[in-house]
Amino acid sequence: MAGGGGGRGKRKKLQFSKIYSFRCGKQSLQDDHSQIGGPGFSRVVYCNEPDCFEAGIRDYASNYVSSTKYTLATFLPKSLFEQFRRVANFYFLVSGILAFTPLAPYTAVSAIVPLIIVVGATMVKEGIEDWRRKQQDIEVNNRKVKFHKGNGVFDYTEWKNLRVGDIVKVEKDQFFPADLLLLSSSYEDAICYVETMNLDGETNLKLKQALGVTVALQEDSDIRDFKAIVKCEDPNANLYSFVGTMEFEEQQHPLSPQQILLRDSKLRNTDYIYGAVIFTGQETKVIQNSTDPPSKRSRIERKMDKIIYLMFFILFLISFIGSIFFGVYTRDDLQNGRMKRWYLLPDDTTAYFDPRNAPLAAIYHFLTALMLYSYFIPISLYVSIEIVKVLQSMFINQDVHMYYEEADKPAHARTSNLNEELGQVDTILSDKTGTLTCNSMEFIKCTVAGIAYGRGITEVERAIDRKKGSPLRNDGVNGDVDLLSSNAKSSIKGFNFRDDRIMNGNWVNEDNADVIQKFFRVLALCHTAIPEVDEETGKVSYEAESPDEAAFVIAAREIGFEFYQRAQTSISVKELDLAFGKKVERVYQLLNVLEFNSTRKRMSVIVRDEERKILLLSKGADSVMFERLANNGKSFEEDTMEHMNEYADGGLRTLIIAYRELGDDEYTKFSKKFNEAKNSVSADRELLIDEAAETVEKDLILLGATAVEDKLQNGVPDCIDKLAQAGIKIWVLTGDKMETAINIGYACSLLRQGMKQIIISLESPEILALEKAGDKNVLGKASQESVLRQIKDGKKLLDASKGSTTEAFALIIDGRSLTYALKDDVKNLFLQLAIGCASVICCRSSPKQKALVTRLVKSGTGKTTLAIGDGANDVGMLQEADIGVGISGVEGMQAVMSSDIAIAQFRYLERLLLVHGHWCYRRISTMICYFFYKNITFGFSLFLFEAHTAFSGQSAYNDWFLSLFNVFFTSLPVMALGVFDQDVSARFCLRFPILYQEGVQNVLFSWRRILGWMGNGFTSAIIIFFFCIKALEEQAFRDDGQVAGYAIFGGIMYTCVVWVVNLQMALAVSYFTLIQHILIWGSIAIWYLFLVIYGAMSPTFSTTAYNLFIEALAPSPSYWIVTMFITISALVPYFTFSALQMRFFPMFHGTIQWIRHEGFSEDVEYCDMVRQSSIRPTTVGHTARLAAKSRREQNDNFGLG
Amino acid sequence: MENTDTSTSTVRRNSKRPRYSKFTQQELPACKPILTPRWVISAFMLISIVFIPIGVAALFASRDVVEIVDRYDSECIPANETDKVKYIQTPGEKSCNRTLTVPKRMKPPIFVYYQLDNFYQNHRRYVKSRNDQQLRDSKEANSVSGCKPEDFNNGSVIVPCGLIAWSLFNDTYSLSRNNITLNVSKKDISWKSDREHKFGKDVYPKNFQSGGLIGGGILDPNIPLSEQEDLIVWMRTAALPNFRKLYGKMEVELQENDVIDVTLGNNYNTYSFNGKKKLVLSTTSWLGGKNDFLGIAYLTVGGLCFFLAMAFTVVYLVKPRQLGDPSYLSWNRNPGWR
């Protein structure tokens, strides 16, 4: 059948299980297996018989995955419920209903229409957003996979159709559609490689192996009669455990995680596998692991709620005051049967005005007043903010500076809720792989025999050079830099090494040619990569477990040591023979592989060369390698060390290369011991292996060191530097090894030489010893104590250096310690320590830990956190953080799907935060302040008027004036402010990153500013109202002798309010485009237009406004003169205040506006001065690194002098 | 799977590259106003330059207006009457004579107003107590919604209904100079639109003031509402509790020191609620009646702005400082930063 035996008989049929020692191999899990069938372990899967009766009873979930919030049926009730959960909306709903009673101070229609508009608009927006999510779900659910239709026939079906028990065939580089039980693979021993990048972010391939009993299922047709029953645990979120048994051919076989392929991981290096579906859809481990996307609300919105509560308080307060007065007045109307205000006929009235029951009337009035003053609560605030945010996110999506050409991916704001939160980020928690780095390694430098080779320039060095302002550095020995070659993009992936001295075979002419030969030979032999020879071109490419290894073999190949074949026990290399000066093919017999692990920090192979010499070739971290050198093997130690420090400073990951020859006897002895260890079944098997390896990995002879650049994404150091200058803290949370993480820390200037590193780990001998003892309780306790002690020590160190500005600390903690550091009683101490450090790096952290750290930072500091990551392992963190930013890389969509904003490259974060974030923050906060300002102005003028109507609840304005105020005459300019306003242009935002601190310190939305704006609103209302009544009083209003009645008074006052709030907007705007002009002046014009049109309608409809403008207002000079006077006078206080503020207490954006205005922006020195004097010393980033370096040099000079 | 998707999308050859435009990149040309000293000073100067002349003009206009205000509510009660309310409520002629002296020459037209203080014509119950349909349309005579309790009288509708009409002002003034009666015209004292569109030409008062309790003025049932200008003026409710309403106008010129005799019919009850009644004779200017407030306010604000302009000039001259100087930034003073 299709592709059935494709992998068979083709190239190597390696029994990898023999090369590897399978550390994580078949551990006995008998204890756990006894639970099967009990509670929590009740799942029974009938493999290959999803239709059978028993499977039918169980009826497990389908493989359909849904991430939508609503369905068609639940949309209306659910979204309405969501809407009216908001206090303000609920209030408007209640007052809208009450408006149908005689309590209402205005007509019901005029009250309900704005509410319908507002709620309707929000629901439409919700609907569209959910529909988009639906589209994405459909895409995922409709991916195709081959499944067993029956009779050994496989056919494609959509993912969503898979059922528990189905047998699927997954081919190379496909994602697994559900959690599968591995049955067999294209390899004979049924192993397969899996990339779990989407789950845990680790890039190295994981090896999975099926049970021996199912290995034989090699062809599609073999599947036909396959039957098995799997009993296993219930769906759970634990990615790394699986408990189950398979009943196959009437025998029970225990299953372990080793046989489970998880959804969203990817099949690599394996042509195909067969697997049985165990968990589907929502029950898969990866989806169980992802919690429901929490609906996030920004800090500003949460504060806005508080303002709304404050407004409600004010509303209730003034209503209450009004009601008391009203009650008193009403009671007085009837005294001893005599009517006081007889014209109101108080003895013949409804309950609302009944003097005989004044308290009740007062209570009724209270309700009326609550409705009347509803204008204190901006009804359109929520919907305006939502519309504005949608438009803002369109700008984010449209930004060409955040478009990634190579992947054809623009930025994508998935939720628009958090735009302004982007302007307030205090801490960034970043994933490493795929986020900071592009997850490819490049061999860039090496030092051999004490001589440094390689003229490539690392990203970090480049960034530092740019900073210094010098052109490209003069690197290398000769000093002549071939600009062309260093600029030309390396055509070979993983290789960016340039040095004429050893490239193109020139190495033979070097003094130490023999050392160079040995060096590269080690690179060509000491690895576990698999070569793949392209049969047409003869080109060799490699599949390696880790990209570093690939980089080494590629480097060896490029220099002239081409590894082209791996057989079970041999490695074949084409290399130059020094004696003949010709390329020869050599076969090395592979005797042993001493694997890499995080405790050993080194890897060795033992080979026998063609001269039957036994060689141990070794590479490893400097910390373990230098101490293992032989006394006669240290000839280049000093130079190598010096070079290595340079490399580390340049952000490269380094490995020491060394070798030794083994005598036959020695090897035989070792071999015996090693094999014994390997074959042992006791718990300390690994320990025995390590011990055996230890015996030969000594007395090494140093050859040199390699420097591999874990290729940072473009512009990452620059971006980090900018973010650091903006005062944003950056934490790196990675699943990677500590060394790798530290290297990357160096590469992106989060770490640097001279920074004190506080390393918290559980690698100390005592803990390791306890680990061996195996008592979990003791171990836990000891670990806890150890971590606590280390944290306390760190804290002490930190406290001791307080006050010193130059000293910076870095905290590096590994995953296991993190488990203890995150415990309730320790975590606050840990947080304090971490906050005190300039950089924090958490390595080997699980997805859960990432989320927990994020939560700790978020809740512990109360500041805004942003998490950025690209893999499914970051999902928890992205959801936990205030803002989750997903990198829409090549791999998977998990992170993007659960993120709030997706960008294609880390470096876009700079623009996203410093430009868009800052703008959005500024816009939204100004907008909200203004909203409250205008509503207070309007609402308070109503109150002042009501106070002059004996608190009877009469409004000053016509009903439609009232209801259209928020919708027509004032809403558009404020939305334009929310969408378009810029304090300074993008260029200046980036030039002065510190401007970002306005958001972090929340100066634009502090209570002072909010209350200031509210005060401004009250002032405006008071000015408008009292000037109006003083100016209009009782005298004739124009030369015809008519006086200004209720309608005219309302019209004039309303005109003043419209003018004042719109001109106030004009004063607040700092970016006056044509749009602003149109909207601000347009709103005022619309008011006049409305007056004319509404006034021309029949008096039934227009009531008091009938012909108001045409007949009464427009022909009267006093109307215009009063309007002008009041408008200007109401603005003078604010204008004076801003002039004074600009003069004496300018905010940072004010200062920068000045710099721009006065043309100082081109003056580099001046800008630097501004920057320097206005920021705290940045502690990370290459600016800081440069500063630290110059300080160090100064100190050195001083020391010498 | 991913790959097949991308390849189908490349078939469309649609790059997702955002289109560049000044709008989408937020680079629209804009004026970016900032409060430079020059701006601040010129703005204040401009305001004062505009405001002061207007203030002067307004003040002159107000000074030109001649106004005679005579409060008569207490004087028109006989001295021996202790219960003013009882007095005013007893039916019968309650006339009263007042003399006014003209302080300055008054050019026609001279407007005659009555002024009521502490009368809440803007009370919600009062404002709503009318029915506009009924007033406008004879066919709608039966629509009395909102008019309670002045809607029906013995089962038949009242036209015009409601508290406003019911409480129509009914003091009368007759003015004479040297025993020659001055003609007070009641024509065109209301808004034209009210006469033409809000009060029907074929709507006649019906059942008005025929109930037990009589509120105020009586209307001639033979004159359509559109010609009952007293009612029309009264029904355009006032904004504030102290208000004037036009009583009529005179087309005669009054000379300085002319003595005007007023014979008042003191019928309207303001005594229950301690309201004042005033008779006002006033000319008008282009700006309306007499009110110095606007002129003075204009002058004050204009002067204030002038002062501010000067103050800012002094500040900028005496202590010139680079506005871009960052050492004044508030957060630099935050100790946490250093």
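## Chain A as a whole

Among the contacts in chain A between residues at least 6 apart in sequence, 74% join residues that are at least 24 apart. This description rests on a predicted model, and the values given here are computed from that model. Chain A holds 42 helices and 35 strands, and of its 1201 residues 61% count as buried. The accessible surface of chain A comes to about 45400 Å², with 56% of that area belonging to carbon and sulfur atoms.

A:L317 counts as partly exposed because its relative accessibility is 39%, a value that lies between the limits of 20% for buried and 50% for exposed.

## Where chain A meets chain B

Chain A and chain B bury about 10500 Å² between them, and 63% of this area lies on carbon and sulfur atoms. In chain A, the residues that lose the most area to chain B are A:W342, A:Y343 and A:R1143, which together account for 9% of what that side buries. The contact takes 127 residues from chain A and 110 residues from chain B.

Polar links also cross this interface, where 32 residue pairs are in polar contact between chain A and chain B, counting pairs with both residues at pLDDT 80 or more. Helix 39 of chain A, residues 1117-1144, gives the most to the side of chain A that touches chain B, with 17 residues. The rule for salt bridges finds two across the interface of chain A and chain B. A salt bridge is also formed by A:E405 with B:R17, and the closest N and O atoms of this pair are 2.8 Å apart.

In chain B, the residue B:R244 has its place in strand 8, which covers residues 243-250. B:R244 counts as buried because its relative accessibility is 5%, and buried means a value under 20%.

The side chain of B:R244 makes a polar contact of 3.0 Å with the side chain of B:E67, and a polar contact of 3.0 Å joins it to the side chain of B:Q115.

Notes:
Residues are numbered from 1 along each chain as its sequence is written. Chains are lettered from A and ligands numbered from 1 in the order in which they are written. This is a predicted model: local features need pLDDT of at least 70, side-chain atom pairs count only at pLDDT 80 or more; totals for chains, interfaces and linings use all residues. Side-chain values use heavy atoms; hydrogens and water are left out. Buried means under 20% relative accessible area, exposed over 50%, partly exposed in between (1.4 Å probe, protein chains only). Contact means heavy atoms within 4.5 Å. Buried area is the accessible area (1.4 Å probe) that two parts lose on being put together, summed over both. A salt bridge is a side-chain nitrogen of Lys or Arg within 4 Å of a carboxyl oxygen of Asp or Glu. A polar contact is a pair of N or O atoms within 3.5 Å; within protein, one must be able to donate a hydrogen and the other to accept it, and residues adjacent in sequence count only if both atoms are side-chain atoms. Helices (H or I, at least four residues) and strands (E, at least two) are DSSP runs, numbered from the N terminus. Accessible areas come from the Shrake-Rupley method with a 1.4 Å probe; for residues, only the protein chains shown count as cover.
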